Amino acid sequence: MLVFSQAMLFQGIHGLGGRMGTRVIDPQPLIFDHAAQFFTVSDPRFSELVDDWLEKGLVRQWQGTVGELEVGGQFVPFPSSPPRYFGVNGMRSLADSILSQTCMVNVVRPCWISKLEPFNGMWHLSENGKPCGQFDIIVIAHNGKCANRLLASSGLPLVARQMKALGLSSIWALLAAFEDPLPIPTGATSFEGAFVKGVESLSWMGNNSAKLLGSKSNSPHCWTFFSTAAYGKRNKVPQENIPTATAEKVKTGMLEGVEAALGLPKDSLQRPFYSRVQLWGAALPTNTPGIPCIFDPHGRAGICGDWLLGSNLESAALSGMALANHIADYLKSGGARPEEFALGLNNGFQTLGGHDIGQFSGLESSTEANPIQAYQLST
(Lines give C-alpha, C1' and ligand atoms only; values in the text may rest on other atoms or scores of the structure.)
Protein backbone atom coordinates (compact mmCIF):
# COMPACT_ATOMS: atom_id res chain seq x y z
CA MET A 1 0.00 0.00 0.00
CA LEU A 2 1.24 3.47 -0.88
CA VAL A 3 0.19 6.59 1.00
CA PHE A 4 0.83 9.96 -0.61
CA SER A 5 1.11 12.64 2.04
CA GLN A 6 1.43 16.37 1.56
CA ALA A 7 2.89 16.33 5.10
CA MET A 8 3.13 19.57 7.00
CA LEU A 9 6.54 21.19 7.33
CA PHE A 10 7.93 21.63 10.84
CA GLN A 11 11.43 23.08 11.18
CA GLY A 12 12.44 21.58 7.83
CA ILE A 13 10.94 18.17 8.64
CA HIS A 14 7.91 16.97 6.73
CA GLY A 15 5.86 15.39 9.48
CA LEU A 16 2.90 13.06 9.42
CA GLY A 17 -0.29 13.48 11.33
CA GLY A 18 -1.97 16.59 9.93
CA ARG A 19 -4.12 17.83 12.82
CA MET A 20 -1.97 15.75 15.18
CA GLY A 21 0.80 18.28 14.63
CA THR A 22 3.51 18.92 17.23
CA ARG A 23 5.97 21.80 16.94
CA VAL A 24 9.38 21.68 18.63
CA ILE A 25 11.42 24.89 18.83
CA ASP A 26 15.15 24.57 19.51
CA PRO A 27 17.39 25.21 21.33
CA GLN A 28 15.38 25.41 24.61
CA PRO A 29 13.55 23.22 23.43
CA LEU A 30 9.96 24.44 23.40
CA ILE A 31 7.26 21.91 22.56
CA PHE A 32 3.66 22.49 21.53
CA ASP A 33 0.82 20.25 20.45
CA HIS A 34 -0.65 22.83 18.12
CA ALA A 35 -3.65 20.88 16.86
CA ALA A 36 -5.15 17.82 18.60
CA GLN A 37 -4.61 18.24 22.35
CA PHE A 38 -5.76 14.87 23.66
CA PHE A 39 -8.31 12.16 22.94
CA THR A 40 -10.83 10.02 24.77
CA VAL A 41 -12.15 6.52 24.15
CA SER A 42 -15.72 5.26 23.95
CA ASP A 43 -15.75 2.46 21.35
CA PRO A 44 -14.38 -0.99 22.33
CA ARG A 45 -12.63 -1.37 18.97
CA PHE A 46 -10.74 1.86 19.47
CA SER A 47 -10.13 0.93 23.11
CA GLU A 48 -8.33 -2.21 21.97
CA LEU A 49 -6.10 -0.11 19.74
CA VAL A 50 -5.36 2.38 22.52
CA ASP A 51 -4.51 -0.44 24.94
CA ASP A 52 -1.88 -1.58 22.45
CA TRP A 53 -0.48 1.97 22.21
CA LEU A 54 -0.31 2.12 26.01
CA GLU A 55 1.52 -1.20 26.18
CA LYS A 56 4.06 0.03 23.62
CA GLY A 57 4.55 3.30 25.44
CA LEU A 58 3.22 5.42 22.58
CA VAL A 59 0.51 7.17 24.60
CA ARG A 60 -0.02 8.07 28.21
CA GLN A 61 -3.00 9.02 30.31
CA TRP A 62 -3.19 12.73 31.01
CA GLN A 63 -3.38 12.94 34.78
CA GLY A 64 -3.41 16.75 34.86
CA THR A 65 -6.55 18.67 35.76
CA VAL A 66 -8.78 19.61 32.81
CA GLY A 67 -12.08 21.44 33.02
CA GLU A 68 -14.14 24.48 32.03
CA LEU A 69 -12.99 28.04 32.64
CA GLU A 70 -15.66 30.72 32.73
CA VAL A 71 -14.75 34.28 31.79
CA GLY A 72 -13.55 35.99 34.94
CA GLY A 73 -11.56 33.04 36.28
CA GLN A 74 -14.13 30.55 37.57
CA PHE A 75 -12.74 27.07 36.90
CA VAL A 76 -14.70 23.82 37.25
CA PRO A 77 -12.64 20.62 36.87
CA PHE A 78 -13.92 17.60 34.99
CA PRO A 79 -14.00 14.20 36.72
CA SER A 80 -10.95 12.01 36.09
CA SER A 81 -13.15 9.58 34.16
CA PRO A 82 -13.28 9.06 31.25
CA PRO A 83 -9.48 8.96 30.91
CA ARG A 84 -7.76 11.43 28.58
CA TYR A 85 -4.77 10.34 26.50
CA PHE A 86 -1.95 12.01 24.56
CA GLY A 87 1.15 11.04 22.57
CA VAL A 88 4.12 10.71 24.94
CA ASN A 89 6.36 13.02 22.90
CA GLY A 90 3.54 15.04 21.39
CA MET A 91 0.64 13.96 19.25
CA ARG A 92 2.68 13.85 16.02
CA SER A 93 4.97 11.22 17.56
CA LEU A 94 2.01 8.85 17.73
CA ALA A 95 1.54 9.04 13.95
CA ASP A 96 5.28 8.57 13.36
CA SER A 97 5.43 5.61 15.75
CA ILE A 98 2.48 3.81 14.18
CA LEU A 99 4.11 4.09 10.75
CA SER A 100 7.45 2.81 12.02
CA GLN A 101 5.81 -0.39 13.28
CA THR A 102 4.40 -1.59 9.98
CA CYS A 103 6.00 -2.89 6.80
CA MET A 104 2.73 -2.88 4.85
CA VAL A 105 2.55 0.86 4.24
CA ASN A 106 5.01 3.02 2.35
CA VAL A 107 4.57 6.79 2.64
CA VAL A 108 5.63 9.09 -0.19
CA ARG A 109 6.17 12.59 1.20
CA PRO A 110 6.01 15.39 0.60
CA CYS A 111 3.69 14.69 -2.32
CA TRP A 112 0.52 16.50 -3.32
CA ILE A 113 -1.51 14.41 -5.75
CA SER A 114 -3.00 16.96 -8.15
CA LYS A 115 -4.81 14.68 -10.61
CA LEU A 116 -6.75 11.41 -10.57
CA GLU A 117 -7.36 9.79 -13.96
CA PRO A 118 -9.23 6.50 -14.54
CA PHE A 119 -7.76 4.57 -17.48
CA ASN A 120 -8.07 0.91 -18.50
CA GLY A 121 -9.53 -0.13 -15.17
CA MET A 122 -6.80 1.55 -13.14
CA TRP A 123 -6.33 4.87 -11.40
CA HIS A 124 -3.42 6.94 -12.71
CA LEU A 125 -2.14 9.44 -10.13
CA SER A 126 0.10 12.40 -10.83
CA GLU A 127 1.63 15.41 -9.09
CA ASN A 128 1.77 18.47 -11.33
CA GLY A 129 2.16 16.30 -14.42
CA LYS A 130 4.64 13.88 -12.83
CA PRO A 131 3.29 10.27 -12.83
CA CYS A 132 3.00 8.74 -9.35
CA GLY A 133 1.79 5.26 -10.23
CA GLN A 134 -1.22 3.16 -11.20
CA PHE A 135 -3.60 1.69 -8.63
CA ASP A 136 -6.65 -0.58 -8.42
CA ILE A 137 -8.40 1.42 -5.68
CA ILE A 138 -7.88 4.90 -4.28
CA VAL A 139 -8.72 6.22 -0.81
CA ILE A 140 -9.01 9.91 -0.03
CA ALA A 141 -8.35 10.76 3.61
CA HIS A 142 -8.45 14.51 3.09
CA ASN A 143 -11.08 17.20 2.80
CA GLY A 144 -11.59 20.88 2.07
CA LYS A 145 -11.10 22.93 -1.07
CA CYS A 146 -8.04 20.99 -2.27
CA ALA A 147 -9.88 17.67 -2.07
CA ASN A 148 -12.85 19.23 -3.84
CA ARG A 149 -10.62 20.44 -6.69
CA LEU A 150 -9.04 17.01 -6.96
CA LEU A 151 -12.41 15.26 -7.17
CA ALA A 152 -14.03 17.78 -9.53
CA SER A 153 -12.49 16.21 -12.65
CA SER A 154 -12.06 12.67 -11.34
CA GLY A 155 -15.21 11.16 -12.84
CA LEU A 156 -16.58 10.41 -9.36
CA PRO A 157 -19.66 12.66 -9.20
CA LEU A 158 -21.32 10.97 -6.22
CA VAL A 159 -18.14 10.97 -4.15
CA ALA A 160 -17.43 14.57 -5.15
CA ARG A 161 -20.95 15.64 -4.18
CA GLN A 162 -20.64 14.15 -0.70
CA MET A 163 -17.24 15.74 -0.14
CA LYS A 164 -18.52 19.13 -1.31
CA ALA A 165 -21.42 18.98 1.16
CA LEU A 166 -18.98 19.00 4.06
CA GLY A 167 -18.71 22.24 6.06
CA LEU A 168 -15.49 23.11 7.90
CA SER A 169 -14.68 25.60 10.64
CA SER A 170 -11.63 27.86 10.90
CA ILE A 171 -9.64 28.05 14.14
CA TRP A 172 -6.64 30.18 15.08
CA ALA A 173 -3.89 28.58 17.15
CA LEU A 174 -1.52 30.68 19.24
CA LEU A 175 1.61 29.03 20.58
CA ALA A 176 3.12 31.02 23.43
CA ALA A 177 6.01 30.34 25.79
CA PHE A 178 6.26 32.19 29.11
CA GLU A 179 9.12 32.45 31.58
CA ASP A 180 6.78 32.19 34.57
CA PRO A 181 3.59 30.22 35.27
CA LEU A 182 0.34 31.89 34.28
CA PRO A 183 -1.47 33.33 37.30
CA ILE A 184 -4.31 31.16 38.54
CA PRO A 185 -7.31 33.04 39.98
CA THR A 186 -7.40 33.24 43.76
CA GLY A 187 -9.09 30.18 45.22
CA ALA A 188 -9.23 28.41 41.83
CA THR A 189 -7.83 24.96 41.11
CA SER A 190 -4.56 24.86 39.19
CA PHE A 191 -5.20 23.32 35.78
CA GLU A 192 -3.34 22.04 32.73
CA GLY A 193 -6.16 22.31 30.21
CA ALA A 194 -9.37 24.33 30.05
CA PHE A 195 -12.27 24.75 27.68
CA VAL A 196 -12.96 28.48 27.86
CA LYS A 197 -16.50 29.83 27.95
CA GLY A 198 -17.66 33.40 27.42
CA VAL A 199 -14.63 34.70 25.47
CA GLU A 200 -14.99 35.05 21.69
CA SER A 201 -11.27 34.98 20.95
CA LEU A 202 -10.54 31.89 23.06
CA SER A 203 -12.03 28.39 23.27
CA TRP A 204 -9.14 26.37 24.75
CA MET A 205 -5.90 26.82 26.67
CA GLY A 206 -3.53 23.94 27.35
CA ASN A 207 -0.20 23.75 29.17
CA ASN A 208 2.01 21.62 26.93
CA SER A 209 4.99 21.72 29.29
CA ALA A 210 2.99 20.27 32.17
CA LYS A 211 1.30 17.69 29.96
CA LEU A 212 4.33 16.49 28.02
CA LEU A 213 7.25 17.13 30.37
CA GLY A 214 5.63 16.79 33.78
CA SER A 215 7.45 18.42 36.68
CA LYS A 216 10.82 18.87 34.95
CA SER A 217 12.50 21.88 36.49
CA ASN A 218 13.63 25.01 34.67
CA SER A 219 11.26 24.37 31.77
CA PRO A 220 9.55 27.35 30.10
CA HIS A 221 5.78 27.30 30.24
CA CYS A 222 4.52 26.44 26.75
CA TRP A 223 0.82 27.01 26.15
CA THR A 224 -1.41 26.32 23.18
CA PHE A 225 -4.40 28.64 22.84
CA PHE A 226 -7.24 28.11 20.37
CA SER A 227 -9.76 30.67 19.22
CA THR A 228 -13.45 30.01 18.83
CA ALA A 229 -14.79 29.08 15.41
CA ALA A 230 -16.63 32.42 15.30
CA TYR A 231 -13.39 34.34 15.86
CA GLY A 232 -11.64 32.19 13.26
CA LYS A 233 -14.32 32.93 10.68
CA ARG A 234 -14.30 36.65 11.43
CA ASN A 235 -10.53 36.87 11.01
CA LYS A 236 -10.02 34.32 8.25
CA VAL A 237 -7.27 34.95 5.68
CA PRO A 238 -5.40 32.62 3.29
CA GLN A 239 -3.57 30.37 5.73
CA GLU A 240 -0.64 29.91 3.37
CA ASN A 241 0.13 33.64 3.44
CA ILE A 242 -1.02 35.29 6.68
CA PRO A 243 -0.52 39.09 6.61
CA THR A 244 1.72 40.36 9.40
CA ALA A 245 -0.95 42.81 10.52
CA THR A 246 -3.52 40.02 10.84
CA ALA A 247 -1.11 37.80 12.76
CA GLU A 248 -0.39 40.60 15.23
CA LYS A 249 -4.08 41.44 15.59
CA VAL A 250 -4.99 37.82 16.29
CA LYS A 251 -2.12 37.37 18.76
CA THR A 252 -3.18 40.49 20.67
CA GLY A 253 -6.84 39.50 20.63
CA MET A 254 -6.16 35.99 21.89
CA LEU A 255 -3.82 37.12 24.68
CA GLU A 256 -6.50 39.61 25.75
CA GLY A 257 -8.86 36.64 25.75
CA VAL A 258 -6.49 34.79 28.11
CA GLU A 259 -6.57 37.78 30.47
CA ALA A 260 -10.37 37.86 30.36
CA ALA A 261 -10.65 34.11 30.94
CA LEU A 262 -8.33 34.25 33.95
CA GLY A 263 -9.98 37.38 35.33
CA LEU A 264 -6.81 39.48 34.98
CA PRO A 265 -6.70 43.25 34.41
CA LYS A 266 -6.09 44.24 30.81
CA ASP A 267 -2.41 44.39 29.80
CA SER A 268 -1.34 42.67 33.04
CA LEU A 269 -0.47 39.31 31.46
CA GLN A 270 3.26 38.69 31.10
CA ARG A 271 4.46 38.86 27.51
CA PRO A 272 5.49 35.54 25.97
CA PHE A 273 9.15 35.36 24.95
CA TYR A 274 8.12 33.14 22.03
CA SER A 275 4.86 33.22 20.11
CA ARG A 276 3.48 32.06 16.80
CA VAL A 277 0.00 32.10 15.29
CA GLN A 278 -1.33 29.61 12.79
CA LEU A 279 -4.71 29.45 11.09
CA TRP A 280 -6.30 26.05 10.70
CA GLY A 281 -8.46 27.15 7.77
CA ALA A 282 -10.19 23.77 7.50
CA ALA A 283 -10.07 22.89 11.16
CA LEU A 284 -13.06 20.75 12.05
CA PRO A 285 -16.23 19.46 10.41
CA THR A 286 -19.47 21.30 11.15
CA ASN A 287 -21.73 18.63 9.67
CA THR A 288 -21.57 14.92 9.02
CA PRO A 289 -23.34 12.09 7.17
CA GLY A 290 -22.92 9.94 10.30
CA ILE A 291 -21.49 6.90 8.49
CA PRO A 292 -18.15 5.11 8.95
CA CYS A 293 -16.92 5.63 5.39
CA ILE A 294 -17.90 6.27 1.77
CA PHE A 295 -17.21 3.85 -1.06
CA ASP A 296 -18.04 3.94 -4.76
CA PRO A 297 -17.57 0.37 -6.08
CA HIS A 298 -18.00 1.38 -9.71
CA GLY A 299 -15.34 4.05 -9.40
CA ARG A 300 -13.24 1.93 -6.99
CA ALA A 301 -12.78 4.91 -4.71
CA GLY A 302 -13.33 5.44 -1.00
CA ILE A 303 -13.26 8.20 1.58
CA CYS A 304 -12.38 7.97 5.24
CA GLY A 305 -11.88 10.61 7.92
CA ASP A 306 -13.10 11.78 11.28
CA TRP A 307 -15.77 14.01 9.69
CA LEU A 308 -17.77 10.97 8.62
CA LEU A 309 -18.52 10.14 12.25
CA GLY A 310 -17.53 13.15 14.35
CA SER A 311 -14.51 15.33 15.03
CA ASN A 312 -11.86 13.50 17.01
CA LEU A 313 -9.06 10.96 16.76
CA GLU A 314 -11.35 8.07 17.65
CA SER A 315 -13.70 8.89 14.76
CA ALA A 316 -10.74 9.03 12.36
CA ALA A 317 -9.44 5.64 13.50
CA LEU A 318 -12.85 3.95 13.31
CA SER A 319 -13.47 5.40 9.85
CA GLY A 320 -10.15 4.11 8.54
CA MET A 321 -10.77 0.67 10.01
CA ALA A 322 -14.26 0.55 8.53
CA LEU A 323 -13.11 1.47 5.03
CA ALA A 324 -10.23 -1.03 5.13
CA ASN A 325 -12.65 -3.82 6.08
CA HIS A 326 -15.16 -2.74 3.45
CA ILE A 327 -12.56 -2.68 0.66
CA ALA A 328 -11.27 -6.11 1.76
CA ASP A 329 -14.80 -7.52 1.51
CA TYR A 330 -15.26 -5.88 -1.89
CA LEU A 331 -12.05 -7.42 -3.22
CA LYS A 332 -12.96 -10.84 -1.85
CA SER A 333 -16.23 -10.66 -3.79
CA GLY A 334 -14.28 -10.26 -7.02
CA GLY A 335 -16.39 -7.24 -7.92
CA ALA A 336 -19.20 -9.44 -9.19
CA ARG A 337 -21.94 -7.48 -7.36
CA PRO A 338 -20.57 -3.95 -7.09
CA GLU A 339 -23.92 -2.34 -6.30
CA GLU A 340 -24.01 -4.24 -3.00
CA PHE A 341 -20.87 -2.44 -1.85
CA ALA A 342 -21.98 1.14 -2.53
CA LEU A 343 -21.79 2.96 0.80
CA GLY A 344 -22.60 6.49 1.89
CA LEU A 345 -23.04 7.95 -1.59
CA ASN A 346 -26.50 9.35 -0.91
CA ASN A 347 -26.57 9.96 2.83
CA GLY A 348 -27.81 13.35 4.01
CA PHE A 349 -25.78 15.51 6.39
CA GLN A 350 -26.71 16.66 9.87
CA THR A 351 -25.23 19.35 12.10
CA LEU A 352 -22.27 18.21 14.18
CA GLY A 353 -22.00 19.50 17.75
CA GLY A 354 -19.21 19.49 20.28
CA HIS A 355 -16.50 21.84 21.52
CA ASP A 356 -14.88 24.23 19.08
CA ILE A 357 -11.76 22.03 19.12
CA GLY A 358 -13.55 18.71 18.70
CA GLN A 359 -15.64 16.05 20.40
CA PHE A 360 -14.53 14.20 23.52
CA SER A 361 -16.52 11.33 24.95
CA GLY A 362 -17.71 12.18 28.45
CA LEU A 363 -16.76 15.85 28.05
CA GLU A 364 -19.68 16.93 25.88
CA SER A 365 -20.29 20.62 25.33
CA SER A 366 -23.63 22.03 26.47
CA THR A 367 -24.23 23.06 22.84
CA GLU A 368 -23.61 19.61 21.41
CA ALA A 369 -26.20 18.27 19.02
CA ASN A 370 -27.94 14.94 19.44
CA PRO A 371 -25.51 12.02 19.22
CA ILE A 372 -25.12 10.30 15.89
CA GLN A 373 -27.00 7.05 15.67
CA ALA A 374 -25.03 3.92 16.41
CA TYR A 375 -23.21 2.35 13.49
CA GLN A 376 -21.62 -0.98 12.75
CA LEU A 377 -18.19 -1.60 11.27
CA SER A 378 -17.57 -4.53 8.95
CA THR A 379 -15.76 -7.42 10.55
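**Confidence, helix and sheets**

Guide: Let's begin with a caution: this is a predicted model, and over residues 8-14 pLDDT stays under 50, although the model has 20 contacts there beyond four places in sequence.

Visitor: Which other stretch has pLDDT under 50?

Guide: Residues 366-379 also stay under 50, and for them the model has 28 contacts beyond four places in sequence.

Visitor: And what is the mean pLDDT of the chain?

Guide: The mean is 89, with 92% of the residues at 70 or more.

Visitor: Good to know. Let's look at helix H8. How many residues does H8 have, and how far does it reach?

Guide: H8 covers residues 313-332, which is 20 residues, and spans 29 Å from first C-alpha to last, close to the 28 Å expected at 1.5 Å a residue. Just after H8, Gly 334 has a positive phi of about 75 degrees.

Visitor: Which residues of H8 are buried?

Guide: Among them are Leu 313, Leu 318, Ala 322, Leu 323, His 326, Ile 327 and Tyr 330.

Visitor: What do those buried residues pack against?

Guide: The buried residues of H8 pack against helices H1 (44-55) and H2 (91-100), plus strands E14 (138-140), E21 (294-296) and E22 (301-303).

Visitor: How are those strands arranged, then?

Guide: They make an open sheet of three strands in the order E14-E22-E21, with mixed pairing. E14 and E21 are the edge strands with a single partner each, so one side of each has no neighbour in the sheet. On average, neighbouring strands here are turned by 15 degrees against each other, direction ignored.

Visitor: In which sense do E14 and E22 pair?

Guide: E14 and E22 pair in the parallel sense, over three bridges. Ile 140 stands opposite Ile 303 in E22.

Visitor: And at what angle does H8 run to E21?

Guide: H8 runs at about 25 degrees to E21, lying across E14, E21 and E22.

Visitor: Switching topic: what is the strand order in the sheet of seven strands?

Guide: The order is E8-E7-E16-E17-E18-E15-E19; this sheet is open too, with mixed pairing. From one strand to the next, the twist averages 20 degrees.

Visitor: Which helix packs on that sheet?

Guide: Helix H7 (residues 244-262) does, touching E7, E15, E16, E17, E18 and E19, and its direction makes about 70 degrees with that of E15.

Visitor: Can you walk me through the pairings?

Guide: E7 (residues 66-70) runs parallel to E16, joined by five bridges, and Gly 67 has Ala 194 in E16 as its bridge partner. E16 (residues 193-197) then pairs with E17 in the antiparallel sense over three bridges, with Phe 195 opposite Trp 204 in E17. Next, four bridges join E17 to E18 (residues 221-226), again antiparallel, and Asn 207 stands opposite Trp 223 in E18.

Visitor: How many residues lie between E16 and E17 in their hairpin?

Guide: Six, and in the turn Gly 198 has a positive phi of about 90 degrees.

Visitor: Which way do the residues of E17 point?

Guide: Trp 204 and Gly 206 point one way and Met 205 and Asn 207 the other way, and all are buried.

Visitor: Lots of aromatics coming up. How many aromatic pairs are there?

Guide: The count comes to 20 aromatic pairs. One of these is Phe 191 with Trp 223, edge-to-face at 6.2 Å centre to centre and 80 degrees between the planes. Phe 191 lies in the loop between E15 (171-178) and E16 while Trp 223 is in E18, so the pair ties together parts 32 residues apart in sequence. Both Phe 191 and Trp 223 are buried.

Visitor: Last one: which residues form one aromatic cluster?

Guide: Phe 38, Trp 62, Phe 78, Phe 195, Trp 204 and Phe 360 do.

How values were computed:
Residues numbered from 1 in each chain as written. Predicted model: local features only at pLDDT ≥ 70, side-chain atom pairs only at ≥ 80, totals over all residues. Heavy atoms only, no water. Helix = DSSP H or I, 4+ residues; strand = E, 2+ residues; numbered from the N terminus. Expected span 1.5 Å × (residues − 1). Buried < 20%, exposed > 50% of the residue type's maximum accessible area, 1.4 Å probe, protein only. Contact = heavy atoms within 4.5 Å. Pairing = 2+ DSSP bridges. Axes fitted to C-alpha atoms, helices over the stretch in contact; angles between N-to-C directions. pLDDT = per-residue confidence, 0-100. Phe/Tyr/Trp six-rings, centres within 6.5 Å; stacked < 30°, edge-to-face > 60°.
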